[in-house]
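Hi,

Here is the structure I promised to pass on. Have a look, and my notes follow below.

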Protein chains: 2
Amino acid sequence: MAKFLDELKFGDDGLIPVVIQDAQTGEVLTVAYMNRDAVRLTFETGKTWFWRRRHQRLMMKGEHSGRVQLVREILVDCDADALVIKVEQVGGAACHEGYPSCFFRKVNPDGSLEVFQERVFDPNEVYGEKGEQG
Amino acid sequence: MAKFLDELKFGDDGLIPVVIQDAQTGEVLTVAYMNRDAVRLTFETGKTWFWRRRHQRLMMKGEHSGRVQLVREILVDCDADALVIKVEQVGGAACHEGYPSCFFRKVNPDGSLEVFQERVFDPNEVYGEKGEQG
């Protein structure tokens with residue numbers, strides 16, 4: 001079924017970088033990594049799956065928090081070594097730190113970093129202090 | 001000056017993935033890689049610089065084609081291991097294959113790939129058949 005899988009070029013670590021973008025606003029929510037199984041599951045189930053490097057396992061985004069990402073479109077780049085996946089973000093927050101996007105900080109002209117988004121949820125309440133994030 | 005540089009986490013290869021996004025439309029143009037010098041030069045010059053893995057050297061985007069990217073905003077993610085850079089793309093095409101975006105193909109429901117953008121320029125005319133791309 002997922003013929004495009006054979007055209008993708010995964011890195012030496014078996015992973016491909018994936019840009020998760022809000023399908024409506026165009027906001028970049030996350031940059032994450034998928035292995036071949038994660039891409040296949042994402043295509044087949046219509047929800048995003050990632051290879052979580054920190055936990056060294058396959059996880060469906062939102063499996064703990066309920067904040068799943070519903071796939072609207074999958075784009076492939078010229079070198080077939082990166083994906084853009086446009087999603088509908090359930091729960092309005094993609095970042096495990098509670099922000100709408102993982103890119104909640106911007107670089108100021110003086111080179112300092114500034115948080116410019118507001119938290120949607122308190123991560124300690126959702127995941128617990130030592131819980132798995134996702 | 002570029003204090004945020006010290007907070008970034010570059011990979012074992014010294015690189016950080018960067019999502020280049022059209023500042024006006026939100027379209028993702030490219031996923032590319034920067035080393036520390038490329039990030040610094042991008043911040044200091046206001047134009048994007050990349051570590052081109054294929055050529056193993058630092059290149060300013062557009063140095064051959066004139067299609068430079070003017071930096072409008074730099075965002076940093078929660079883990080400080082990925083960047084989003086919002087740009088104004090000069091010349092209307094970011095991809096060395098002549099398309100507006102490197103993500104000019106989408107996955108169809110049957111798993112096949114389909115080109116959905118139109119070429120803005122003929123890459124052979126711009127770079128020559130064996131020329132460096134950029």
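In what sense do strand β5 of chain A and β7(B) pair, and over how many bridges? They pair in the antiparallel sense, over 2 bridges, and A:V76 stands opposite B:R105 there. Strands here are DSSP runs of E with at least two residues, helices are runs of H or I with at least four, and both are numbered from the N terminus; two strands pair if DSSP finds at least two bridges between them.

Some housekeeping: this is a predicted model, where local features need pLDDT of at least 70 and side-chain atom pairs count only at pLDDT 80 or more, while totals for chains, interfaces and linings use all residues. Residues are numbered from 1 along each chain as its sequence is written, with chains lettered from A and ligands numbered from 1 in the order in which they are written.

Now the sheet. It is open and mixed, with 6 strands in the order β8(A)-β7(A)-β5(B)-β6(B)-β1(B)-β2(B). β8 of chain A and β2 of chain B are at the edges with a single partner strand each, so one side of each has no neighbour in the sheet. At the chain A end, β7(A) runs antiparallel to β8(A), joined by 3 bridges, and A:K106 stands opposite A:E114.

As for the chains, 30 residues of chain B are in contact with 30 of chain A (contact: C-beta atoms, placed from the backbone, within 7 Å). β5(B) gives the largest share of chain B's side, 4 residues.

Cheers

Terms used
Contact = placed C-beta atoms within 7 Å.
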